[in-house]
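Hi,

Here is the model I promised to pass on.

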Amino acid sequence: MTEQEKIALLEETLDAEEGSLKADMELTEVEEYDSMAKLSIIVMMEDEFGKKLSADDVRAFKTVGDILKWME
Amino acid sequence: MDGERVLSKARIVALSTVIPEKKLSLQELAELYGDDYIERITKSTGIKEVTVAAEDKTSADYCYEAALKVLKETGLSPSDIDGLIFLSETPDYIIPNTAAILQERLGLPTNSVNFDMRLGCAGYVYGLFQASMMIECGYCKNVLFLAGDTMSKYTNVHDRSLKMVLGDAASATLISRSDNPTPSMYNFFVDGSGANSIIIPAGGCRMPIKHGVTDVLEYDADGNGRTLENVCMNGMDVMVFAINQAPKLINGLLESTGWSKDDVGLFALHQANKIIVDRIVKVLKIDKDKAPFNIEDTGNCGFVSIPLLLSTYYSGINSDLNKVIACGFGTGLIAAAAALDLSQTNIIKTFSV
């Protein structure tokens with residue numbers, strides 16, 4: 001999966017507008033990044049990449065790029 | 001179902017569920033939280049409106065209504081009831097227990113067994129277990145198990161994550177000794193290291209109410225505002241717990257009962273939110289039709305979500321519900337699953353007061 005595809009998948013997961021996310025964005029700037037969004041990421045990560053995120057893993061996310069690094 | 005750990009003398013005779021008349025449409029919160037936010041949350045939780053208890057009504061008041069309904073439908077008199085369990089996280093007082101107040105109000109015998117239970121979303125299964133044990137040991141003939149929560153009284157209006165999710169409701173379940181019993185089995189999980197995941201920090205002995213300290217509004221990183229006297233939930237911790245533990249408990253129960261997934265007519269899962277229910281269905285690889293989701297117009301009503309699901313979709317006698325798995329999970333962190341036979345249970349349709 002290319003970086004662009006990962007970003008697109010993340011945008012879809014967060015229900016964010018296409019092209020709205022960039023790897024260097026702080027998650028505090030991402031309006032859609034709330035508790036339900038975090039749950040959606042946990043589910044997406046397991047379904048798409050077979051990775052089980054812990055709550056602590058998710059809490060460690062600071063930027064969009066931090067999430068993208070797990071998406072492989 | 002036979003062998004060890006089977007409760008084999010009780011029968012779940014009837015159950016009723018009541019919701020408050022008042023509902024809060026999430027659209028009404030648009031001015032406070034913004035349209036986009038409402039739309040996004042509705043999509044992921046599956047919730048459009050939540051039930052809200054009247055200001056002057058408590059969990060016990062709703063339980064009282066549900067109890068009257070069960071007594072009326074079964075034709076039992078209050079004097080027939082020799083056990084009363086009141087399950088709630090929102091009791092009338094810290095002291096005394098609310099069950100005693102309900103004993104007097106319902107006119108139950110003064111020699112009946114009477115106590116409160118305090119548990120979160122796994123509570124309904126625990127209550128069934130407790131009531132069935134009171135029958136199993138031979139002490140009681142008819143146990144009225146009342147379960148009600150009005151969490152709206154503890155959620156802060158600035159806490160978007162909870163205000164748009166939690167609903168109020170109550171239920172009454174009659175469990176009786178029977179020559180024609182419906183055996184049940186249980187499976188439990190508890191991990192107290194997650195005690196902070198759903199908590200009202202202040203108001204108990206650990207952190208007494210202190211003006212200017214426990215009633216100060218503070219916002220978390222997600223923009224949810226609450227005081228230490230409000231219910232506070234770390235949704236992510238609970239979600240991870242739910243999607244990991246609920247399937248394990250259910251699979252364990254399938255193994256001990258010898259039931260296959262196909263045998264089971266209904267998986268009555270705690271209706272936390274759509275993402276969690278969908279997830280558990282997917283992990284268990286069960287038919288979605290057998291694990292319905294029904295809280296679009298009530299919200300997550302805590303442990304009442306299981307009887308609410310039954311009263312909404314399965315009112316009447318359902319002879320095909322002879323193999324039912326119920327599973328609750330949440331506060332504690334605690335999860336509990338039950339294998340039940342509800343084929344003879346009079347499930348009374350949800351009503352509102």
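**What I found in chain B**

Let me start with an open sheet in chain B: four strands with mixed pairing, in the order β8-β15-β14-β13. Strands here are DSSP E runs of at least two residues and helices are H or I runs of at least four, both numbered from the N terminus; two strands pair if DSSP finds at least two bridges between them. The edges are β8 (185-190) and β13 (266-269) of chain B, each of which pairs on one side only. On average, neighbouring strands of this sheet are turned by 10° against each other, direction ignored. (Axes are lines fitted to C-alpha atoms, for helices over the stretch in contact, and angles run from 0 to 180 degrees between N-to-C directions.)

Before I go on, the bookkeeping: this is a predicted model, where local features need pLDDT of at least 70 and side-chain atom pairs count only at pLDDT 80 or more, while totals for chains, interfaces and linings use all residues. Residues are numbered from 1 along each chain as its sequence is written, and chains are lettered from A and ligands numbered from 1 in the order in which they are written.

Back to the sheet. β8(B) pairs antiparallel with β15 (residues 334-340) of chain B over six bridges, and B:Phe189 has B:Ala335 as its bridge partner in β15(B). Lying across β8, β14 (324-330) and β15 of chain B is α7(B), which runs at about 150° to β14(B).

Strand β4 (residues 83-87) of chain B is mostly covered, with five of its five residues buried. By buried I mean 20 or more other C-beta atoms within 10 Å of the residue's own, with C-beta atoms placed from the backbone; 12 or fewer is exposed, and in between is partly exposed. Both faces are covered: B:Gly83, B:Ile85 and B:Leu87 are buried on one side, B:Leu84 and B:Phe86 on the other.

β4(B) runs parallel to β5 (residues 113-117) of chain B, joined by five bridges, and it also pairs in the parallel sense with β6 (residues 142-149) of chain B over five bridges. B:Leu84 sits opposite B:Asn114 in β5(B) and has B:Leu144 as its bridge partner in β6(B). Together with helix α4 (residues 98-106) of chain B, β4(B) and β5(B) make a right-handed β-α-β unit (with the strands pointing away from the viewer, the path from the first strand over the helix to the second runs clockwise).

**One residue to look at**

B:Ala170 is in strand β7 (residues 169-177) of chain B. B:Ala170 is buried, with 33 other C-beta atoms within 10 Å. Its C-alpha atom is 5.4 Å from that of B:Val18, 152 residues apart along the chain. Leaving out residues up to four places away in sequence, B:Ala170 touches several others, among them B:Tyr62, B:Cys63 and B:Val304; contact means C-beta atoms, placed from the backbone, within 7 Å.

**The whole chain and its partner**

Chain B has nine helices and 17 strands. Of its 353 residues, 52% count as buried, and the C-alpha trace spans about 55 × 45 × 35 Å along its principal axes.

As for the interface, 14 residues of chain B are in contact with 13 residues of chain A. On the chain B side, α2 (35-45), α7 (235-257) and α8 (274-284) each supply at least two residues.

Cheers

Technical notes:
Two residues are in contact if their C-beta atoms, placed from the backbone, lie within 7 Å.
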